[in-house]
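Some comments on the model you sent are set out below. They concern how its parts pack against one another.

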Amino acid sequence: MKTLLATSVIGDARLLAGLDRGRLDRQAHLWTHGAQPQLTRAAYAELCEAVGLKGRGGAAFPVARKLAGLPERGIEAVVVNGSESEPVSRKDRLLLTLAPHLVLDGATGLAHALGAPHVLIAVHDAEAAQSVREAILERDDRLAIEVTETPGRFVAGEARAVLSALEGGPAVPPGRKVLPTQQGYHRRPTFLSNVETFAQLAVLARLGARSYSSTGLSSEPGTQLLTVAGAVRRPGVIETPTGVPLETVLQYTGADAGPVLLGGYHGRWLAQTGVTLQGVGIVVALGTETCPLGEVHRVAQWLASQSAGQCGPCVFGLAGLVDDFDRLIRGEAEGWYDAQRHLGLVPGRGACAHPDGAARFLASALEAFDDDVRRHLAGAGGCGRPVLGVLEVTHG
Amino acid sequence: MARLEIDWTRCDGHGLCATLLGGDVALDEWGFPVLKGREITAGEVPDARRAVLACPALALRLDKSVKR
Ligand code: SF4
Ligand code: SF4
């Protein structure tokens, strides 16, 4: 198994249970988790409401509300979004690769409850796709289950882009804002969520609300998967109770001191210490050896290259910001002023949330690295540190 | 009550909307419209509709469903 799939657990192992021995085939899965109970739609709604389950793809939308938005008479499809386009994240492909049956249990259980004849799984990683295809052959779900490989570009992971790709169209978000619950797969009502959400549903169906809530925050109990990367001794995917202190995760994974990025390249650089983690998914430690602004500039270039090229303000705005950061790093104060202006022009002006997320990431960098900005603007070779490439951007 | 909306996948920055609706649309440094986000009152709807029809890219829309 590749090292990037290293797993560890703080507290209860739920989603990652049994994975220390590698991939769980059907038998090992049943041995570890037991059989998936058949629940009704009402039971799922009640369970999700009781534990406050939220989607684990980043948007943290309450699953109970998503269920309530679906028509009673049945829906077209349940879609598992495994496109995991955030370059640092590994948790979804890890689940699909090592615990495919848990994800399939969650998706097929819900499909039966919602009266959906199709289960569609969008995957971008070849190894993960293979693992799910093998798992499907080991089961008999009386449903049409399909695995589709989607492109890896950042924006291709957006829910509506995934639906478009599943229908054979381009993997870009459409210009109109439609809700998948109303107009999803082939414009019919669809339940779409991220891979981890379905694994959580499978665990929740087995444990019931009370046992599920025996760990984590009282407002949003249970466990969560985090991908920990960057300047850490033990990178990988880690399962923790919700609300775990960041410090605990950093210590456990052997992170170097220095700035921390939460939530990946649409996320935020941390301004304060003492935070707890929920609804985050990605923790990146930067360490102190590399130039933070140079690292951010590399990511900005990557973010600009990931724009689907559809929307003017996103294309020109992100390209402008790359140039602004470049000048800022070389000590030109104009770069800083232009960046501030461009950061105001980008959010909310695209067909998807990519410009908003990119601007959030860049704005938080300017705030968190204020001291470094000053050092660069003071001239004389910036902060004196090289750009080591701690922030990974090459992933296709 | 209505509000202007832009389909950013279509808009190619002709800037015509800013000429027709100067009070509601400005242009950014690349020539793309910046909406002021104000409610379009019933009396202004005809003008707004004219601008929507004039948009060469069919990108400008008048959304009447918003109630915020
Ligand atoms: S906002 Fe940017 S990333 Fe999103 S669809 Fe438009 S051009 Fe593509
Ligand atoms: S007229 Fe249409 S295409 Fe031109 S800037 Fe306005 S919305 Fe965009």
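1. The coordinates are a predicted model, and the remarks here should be read with that in mind. Two domains are assigned in chain A, domain 1 covering 6-212 and domain 2 covering 292-377. Their C-alpha centres are 33 Å apart.

2. Within chain A, the contact between the domains takes 12 residues from domain 1 and nine residues from domain 2. Domain 1 and domain 2 of chain A bury about 800 Å² between them, with 64% of that area coming from carbon and sulfur atoms. On the domain 1 side, Arg153(A), Phe154(A) and Val155(A) account for 49% of the area buried against domain 2 of chain A, more than any other three residues.

3. Between domain 1 and domain 2 of chain A there are zero salt bridges, and one residue pair is in polar contact, with both residues at pLDDT 80 or more. The side of domain 1 of chain A that touches domain 2 is made up of six nonpolar, two polar and four charged residues.

4. Chain B meets chain A through 10 residues of chain B and 17 residues of chain A. The area buried between the chains is about 1,100 Å², of which 61% lies on carbon and sulfur atoms. Trp8(B), Thr9(B) and Trp30(B) give 55% of what chain B buries against chain A, more than any other three residues.

5. Two salt bridges are found across the interface of chain B and chain A. Asp28(B) and Arg349(A) form a salt bridge through their side chains, at 3.0 Å from N to O. The interface of chain B and chain A also has five residue pairs in polar contact, both residues at pLDDT 80 or more. By class, chain B touches chain A with five nonpolar, one polar and four charged residues.

How values were computed: Residues are numbered from 1 along each chain as its sequence is written. Chains are lettered from A and ligands numbered from 1 in the order in which they are written. This is a predicted model: local features need pLDDT of at least 70, side-chain atom pairs count only at pLDDT 80 or more; totals for chains, interfaces and linings use all residues. Side-chain values use heavy atoms; hydrogens and water are left out. Domain bounds come from an automatic or database domain assignment. Contact means heavy atoms within 4.5 Å. Buried area is the accessible area (1.4 Å probe) that two parts lose on being put together, summed over both. A salt bridge is a side-chain nitrogen of Lys or Arg within 4 Å of a carboxyl oxygen of Asp or Glu. A polar contact is a pair of N or O atoms within 3.5 Å; within protein, one must be able to donate a hydrogen and the other to accept it, and residues adjacent in sequence count only if both atoms are side-chain atoms. Ala, Val, Leu, Ile, Met, Phe, Trp, Tyr, Cys and Pro count as nonpolar, Asp, Glu, Lys and Arg as charged, and the others, Gly among them, as polar.
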